[in-house]
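Work through the exercises below with the coordinates open, and try each task before reading its solution.

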Amino acid sequence: MPAAKTATTSKKAAAPGKQAAPVAKKVAPVAKKAAPVAKKAAPVAKKAAAPAKKAAAKAAPQVTITLKHIAAALAEAHDLSKKQAEGILGAVVALTTRHLKQGDKIRLTGLGILQVRNRAARMGRNPATGEAMPIKASKKIAFRPAKELKEAI
């Protein structure tokens, strides 16, 4: 029915001396041919959508946010230049590093606690040969997430 309305509308809108009828006849058959094609395309789209959902559930692409991204967001939210925001974040990283080297514990409210933990010397195995080998004592940075962060995720 929409094709018929289009044909009558184009006849009324056309000037008396121009040929509007052949144009209307060409439009109506095209509309009839397009409808079956759309019906055939719909099942194909459903089949293609099913594997896409499975792939998204298995491995969603993980986005990496850098300090520059965070600095840009902070700059926009707090009316700072991007350079100032990057400088502030750089200073936070430098201060965090300095305090961790000193053995301090850093508590970031709402985020968690960063601290250095000592790992004792232990025996390990060479994965290639299976041979037992000693592993030296070392330090590691441990992060314990805050309750708010755990609940948010």
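A residue counts as buried under 20% relative accessible area, as exposed over 50% and as partly exposed in between, with a 1.4 Å probe and protein chains only. The model is predicted, so that local features need pLDDT of at least 70 and side-chain atom pairs count only at pLDDT 80 or more, while totals for chains, interfaces and linings use all residues. Residues are numbered from 1 along each chain as its sequence is written, and side-chain values use heavy atoms, with hydrogens and water left out.

**Exercise 1.** Classify V93 as buried, partly exposed or exposed.

Solution. V93 is found in helix α4 (residues 82-101), helices being DSSP runs of H or I with at least four residues, numbered from the N terminus. Because its relative accessibility is 40%, V93 counts as partly exposed.

**Exercise 2.** Classify R119 in the same way, and find its C-alpha distance to S138.

Solution. R119 lies in strand β2 (residues 112-119), a strand being a DSSP run of E with at least two residues. R119 is partly exposed because its relative accessible area is 37%. Although R119 and S138 are 19 residues apart in sequence, their C-alpha atoms are 5.1 Å apart in space.
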